[in-house]
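Hi,

Here is the structure I promised to pass on. Have a look at it first, and my notes on what turned up follow below.

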Amino acid sequence: MTAGPGKKGVRAWGRRLGVAAFWLAAWQLASMAVGSRIVLVGPAEVACRLAELVCQGDFWVSVGLSLGRVAAGFGLAVAAGMALAAVASRSCVVEGLLAPLVGAVKAAPVASFVVLLLMWVPSRRLSVAVSFLMAFPILYTNVLAGVRQTDPALLEMADVFGVRGWARVCTIYAVQVAPYLRAGLSLAMGLSWKSGVAAEVIGLPAPSIGIHLYDAKVYLDVPGLLAWTVVIVTLSVGLEALLGRLLDWAQTRWEARP
């Protein structure tokens with residue numbers, strides 16, 4: 001007899017808990033081996049520090065503002081990436097003009113853009129600009145690749161039946177580009193979040209997650225530094241999971257449309 005869905009779910013959660021327990025134990029053993037709170041502390045102390053942070057009002061303000069800044073940059077990147085990819089797919093001139101810009105942004109390190117942009121934009125908007133720059137090339141190239149990979153036979157059929165304009169976009173391009181867009185969104189979300197927080201560490205907008213990381217480093221607050229790192233990782237995983245759920249919901253609604 002095969003295990004039912006309920007037993008499989010229990011086993012999956014059991015494996016995840018086992019993996020988590022293994023790495024927590026390894027973390028604890030490493031901190032004991034190091035034997036210095038300035039270098040590494042154990043998970044229990046980090047958990048206590050995290051509990052203290054969560055009870056502070058400034059914690060939620062910082063998290064909310066950092067999320068808002070990154071979300072603004074990510075949203076702008078999604079809109080610009082999709083729009084410019086659509087134009088570039090129809091114009092070789094636009095694609096040629098954007099190619100060196102997209103290539104430069106993809107190749108340059110995040111720190112270079114952060115320092116350069118800090119000379120041009122206020123620190124409170126730095127993470128918005130950096131998040132945009134990190135996400136835009138991914139979304140642009142993925143959507144452009146999806147448009148280019150559209151089945152020519154479907155386009156010929158649309159020409160035969162006179163399907164043009166928005167109807168052509170909805171019935172053909174949306175379906176063909178969706179897998180590329182989804183992959184791009186998932187990758188760009190994580191990169192935007194990490195780069196946005198990194199920009200805050202340099203720009204130091206107050207309040208923000210980045211300035212708390214910087215303060216923890218300056219004052220050698222290792223438990224605080226690790227606690228904020230746990231917050232960053234948890235939010236990154238949560239945002240990607242939320243994005244996946246939203247995309248699943250959008251796909252279901254799209255397929256169910258009349």
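This is a predicted model: local features need pLDDT of at least 70, side-chain atom pairs count only at pLDDT 80 or more; totals for chains, interfaces and linings use all residues.

**Helices α3 and α4**

The axes of α3 and α4 approach within 5 Å and cross at roughly 125 degrees. Where the two helices meet, Leu84, Val87, Ala88 and Arg90 of α3 are in contact with Cys92, Val94, Glu95 and Leu98 of α4.

Helix α4 itself covers residues 92–107, 16 residues in total. From first C-alpha to last it reaches 22 Å, close to the 22 Å expected at 1.5 Å a residue. There is a kink of about 30 degrees at Leu98, shortly before the proline Pro100. Leu98 is also buried, as are Val102 and Val105 in α4. The buried residues of α4 pack against α3 (57–90), α5 (110–118) and α6 (123–148).

A polar atom of the Glu200 side chain lies 3.5 Å from the backbone nitrogen of Ile209. Leaving out residues up to four places away in sequence, Glu200 touches Ser66, Arg69, Ser127, Pro205, Ser208, Ile209, Gly210 and Ile211.

Ser186 is found in helix α8 too. With 35% relative accessibility, Ser186 counts as partly exposed. Beyond its neighbours within four places in sequence, Ser186 is in contact with Glu240 and Leu243.

The loop between α8 and α9 (209–218) holds Pro207, and a cis peptide bond joins Ala206 to Pro207, with omega about -10 degrees. Leu204 is found in that loop as well. Its phi is near 55 degrees, a positive value in a residue other than glycine. Leu204 has 30% relative accessibility and therefore counts as partly exposed.

**One more backbone angle**

Leu220 lies in the loop between α9 and α10 (222–255). Although Leu220 is not a glycine, it has a positive phi of about 55 degrees. Leu220 counts as exposed, because its relative accessibility is 54% and the cut-off is over 50%.

Best wishes

Technical notes. Residues are numbered from 1 along each chain as its sequence is written. Side-chain values use heavy atoms; hydrogens and water are left out. A polar contact is a pair of N or O atoms within 3.5 Å; within protein, one must be able to donate a hydrogen and the other to accept it, and residues adjacent in sequence count only if both atoms are side-chain atoms. Contact means heavy atoms within 4.5 Å. Helices (H or I, at least four residues) and strands (E, at least two) are DSSP runs, numbered from the N terminus. The expected span of a helix is 1.5 Å times one less than its number of residues. The bend at a residue is the angle between axes fitted to the seven residues ending there and the seven starting there. Buried means under 20% relative accessible area, exposed over 50%, partly exposed in between (1.4 Å probe, protein chains only). Axes are lines fitted to C-alpha atoms, for helices over the stretch in contact, and angles run from 0 to 180 degrees between N-to-C directions.
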